[in-house]
Amino acid sequence: MATTISKKNKKEMTLLQAIERVVELAEDSKMSKEFMKKAKTEIQLLANSFGITERQAVLFCICMEKGPRRVDYDDLASYLNLNKIGVLSYASDIDALVRRRLLKFRDVKDEDDFDIPTAVIRCLKHNEVYQLPKRTGLDCAGLFDLLNLWFDDLNDDAISPFELREELQLLFDENPQVGFAQKMKALNLDSDDQLLLTLFCHLLVNKDDDDIRFSQIDDVFDSQGDFNAAKGDLRAGEHCLQKRRLIEHICEDGIVNVNRYKLTEDAKRDLLAEMKLHVTAEKIADVVEYEQLTQKQLFFPKDIQRQVEELGSFLQSENYQRIQDRMKEKGFRNGFACLFYGAPGTGKTETVYQLARQTGRNIMVVDVPQIKSKWVGESEKNIKALFDRYREQVKRAKLTPILLFNEADAIIGIRKNGASSAVDKMENSLQNIILQEMEQLDGIMIATTNLQQNLDKAFERRFLYKIKFDKPTEEARAHIWQSMIPELGELDVHTLASKYDFSGGQIENIARHYAIDNILHGKNEDVLPMLIRHCDNERLDEKDKRKIGF
């Protein structure tokens with residue numbers, strides 16, 4: 001959070017100019033009265049802007065000059081021309097600057113070295129004051145936003161587990177109007193267990209992570225010994241949070257995994273009711289953050305390229321919001337559903353990823369098999385929970401995320417007339433729920449399918465954009481070969497592109513084979529014959545087919 005300084009002060013002096021002036025006058029000053037008087041205007045501007053004392057303002061300026069990384073008490077002593085004992089009297093001021101988040105300790109176990117946080121420097125560049133987030137009068141979403149900042153600080157060693165435990169106690173005391181705070185206090189846990197349980201809730205709400213490993217919880221313990229003791233209890237199922245049915249081991253196919261944990265369903269329903277997560281026992285979707293997506297160049301025929309570029313333009317934040325507003329004005333549905341269909345390996349899924357990366361949108365990737373639970377009646381609950389969860393993501397995200405149904409044939413196929421079996425009725429019910437959700441969708445849904453001929457007409461009508469992904473043209477195949485294996489000569493590229501009518505996915509398979517060959521056997525100068533062998537192996541459909549039976 002940042003606040004710009006007043007226009008009057010901004011005209012007279014920027015924050016960086018004030019810091020520069022204080023630094024200039026502070027050298028060898030021993031923090032004398034004469035120095036404080038001479039730099040009074042600048043020091044007061046900084047102290048008032050940041051809400052700190054005048055002495056703390058001077059120390060912050062010196063840390064900026066000597067840092068912004070790896071500043072210690074020796075740096076302060078040498079700059080002010082003080083002895084090392086004398087400068088230690090400023091330790092309480094340094095602690096105050098750390099609490100104000102203007103400094104952070106490099107290691108919470110050794111408070112002799114400190115840094116200026118990147119967020120503070122970023123604000124100063126824009127003549128803005130880094131402000132601590134509001135911590136009272138919060139709603140549940142605001143409380144979890146603050147927890148997100150604090151746990152990031154914990155990971156960055158800007159706050160210790162001890163300090164965070166104290167912050168949590170104050171946060172819950174100061175926000176009794178938040179149900180989550182009330183319920184956490186009512187559990188009457190000791191501060192260690194309260195911090196660990198809060199971390200689990202934070203990871204689910206803020207990171208959409210309900211599969212917690214030991215590597216994610218070690219920061220909340222004061223020492224390696226405490227962490228090891230907790231690990232032993234957790235693995236044995238003897239931890240206090242397990243005994244009280246707040247967290248549990250993750251089970252896969254009936255087998256307990258003692259290294260992975262999640263909140264129990266009861267804990268989610270009770271503690272996180274305000275967040276309306278609607279999480280079911282089945283993990284039916286993963287959220288992929290756009291920053292995690294690797295940039296890839298895709299090659300399409302001109303018509304497909306035009307449609308993809310148009311879609312990318314639509315999904316740019318400024319265009320998307322303008323179109324949404326216009327649709328609402330005209331009384332149209334403002335949900336956006338798109339269908340990518342065509343042969344396997346033609347780039348449907350990768351196109352969704354690249355569009356998300358280019359437009360800064362996260363993707364909620366639906367696990368279609370998990371939705372179709374083996375228990376009749378659970379599938380309907382799963383699909384409703386999925387859309388409820390997506391709606392919550394839309395509310396919380398800065399940019400509307402993409403809901404991706406990958407290989408969606410199993411749930412958007414033709415509905416069965418006169419369904420009599422329980423399974424057929426369940427599948428029809430599932431499809432009806434999806435159709436209804438698409439009608440009231442307030443977001444972006446993209447489905448991919450290889451079997452468009454099996455698409456129910458009711459679904460077809462609800463997809464605003466429909467893009468058919470054909471196999472690449474010879475020219476596009478040449479570009480793909482060249483991008484996958486840059487060392488190929490132009491003649492070899494065109495030989496492979498003309499000889500083999502492959503999809504991009506098939507070419508990528510061959511490029512992977514080629515890379516593995518190079519790792520195992522070293523570079524082969526005779527590249528083309530090797531690639532032709534791999535290409536021939538890839539064309540399974542053209543091999544002789546053996547008859548089985550009589």
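Where is the place of Arg101? Select Arg101 and look at the loop between α8 (91-99) and β3 (104-107). The tour comes back to this residue at the end.

**Before starting**

This is a predicted model, in which local features need pLDDT of at least 70 and side-chain atom pairs count only at pLDDT 80 or more, while totals for chains, interfaces and linings use all residues. Residues are numbered from 1 along each chain as its sequence is written, and side-chain values use heavy atoms, with hydrogens and water left out.

**The whole chain**

Show the protein chain as a cartoon: there are 27 helices and 14 strands. Helices (H or I, at least four residues) and strands (E, at least two) are DSSP runs, numbered from the N terminus. Of the 550 residues, 47% count as buried. Buried means under 20% relative accessible area, exposed over 50%, and partly exposed in between, with a 1.4 Å probe and protein chains only. Among contacts (heavy atoms within 4.5 Å) with a separation of 6 or more, 68% are between residues 24 or more positions apart.

**The nonpolar cores**

Select Leu311, Phe340, Ile383, Leu386, Phe405, Ile412 and Phe463. These residues have the most contacts inside the largest nonpolar core, which has 54 residues. Strand β10 (residues 336-342) supplies the largest share of this core, six residues. A nonpolar core is a set of buried Ala, Val, Leu, Ile, Met, Phe, Trp, Tyr and Cys residues joined through side-chain atoms within 4.5 Å.

Stay on Ile383 and show what surrounds it. With neighbours within four places in sequence left aside, Ile383 is in contact with Ile371, Phe405, Leu430, Ile433 and Ile434. Another core, of 48 residues, lies apart from the largest one; Ala26, Leu45, Leu102 and Ile116 are among its members.

**Ala285**

Ala285 counts as buried because its relative accessible area is 1%. Not counting residues up to four places away in sequence, Ala285 touches Met364, Val365, Val366, Asp367, Leu386 and Arg389. Draw a distance from Ala285 to Tyr390: the two are 105 residues apart in sequence, and their C-alpha atoms are 9.6 Å apart in space.

**The cavity**

Tyr390 also belongs to the lining of the largest cavity, together with Phe387, Arg391, Glu437, Leu441 and Asp442. Rolling a probe the size of a water molecule over the atoms shows where empty space is left. Here a cavity is a set of points, on a 1 Å grid over the protein atoms alone, where a 1.4 Å probe fits but cannot get out; lining residues have an atom within 4 Å of a point.

How many cavities of 30 Å³ or more does a search of the whole structure find? The search finds one, and the volume of the largest cavity is about 40 Å³. Grid points are joined across faces, edges and corners, and a volume is the space filled by probe spheres set on the points.

Colour helix α21 (residues 378-396), which gives the most to this lining, with three residues. By class, the lining has three nonpolar, no polar and three charged residues. Ala, Val, Leu, Ile, Met, Phe, Trp, Tyr, Cys and Pro count as nonpolar, Asp, Glu, Lys and Arg as charged, and the others, Gly among them, as polar.

**Gln324**

From the lining residue Asp442, move to Gln324 in helix α18 (residues 317-329). Is Gln324 buried or exposed? Gln324 is buried, because its relative accessible area is 5%. Leaving aside neighbours within four places in sequence, Gln324 is in contact with Asn334 and Asp442. The side chain of Gln324 reaches the backbone oxygen of Asn334 at 3.4 Å.

**Loops**

Select Asp222, in the loop between β6 (212-213) and α14 (224-236). Asp222 is partly exposed, at 35% relative accessible area. Its side chain and that of Arg165 are joined by a polar contact of 2.6 Å. A polar contact is a pair of N or O atoms within 3.5 Å; within protein, one must be able to donate a hydrogen and the other to accept it, and residues adjacent in sequence count only if both atoms are side-chain atoms.

Pro68 is in the loop between α5 (54-66) and β2 (71-72). The peptide bond from Gly67 to Pro68 is cis, with omega near 5°.

Asp28, in the loop between α2 (15-26) and α3 (33-38), has a positive phi of about 60° although it is not a glycine. Asp28 is partly exposed, with a relative accessible area of 48%.

Finish at Arg101, whose phi is near 65°, a positive value in a residue other than glycine. Arg101 counts as buried, because its relative accessibility is 8%.

Technical notes: 1 Å grid on protein atoms, 1.4 Å probe; cavity = no way out; pocket = protein on both sides within 12 Å on 5 of 7 lines; lining within 4 Å.
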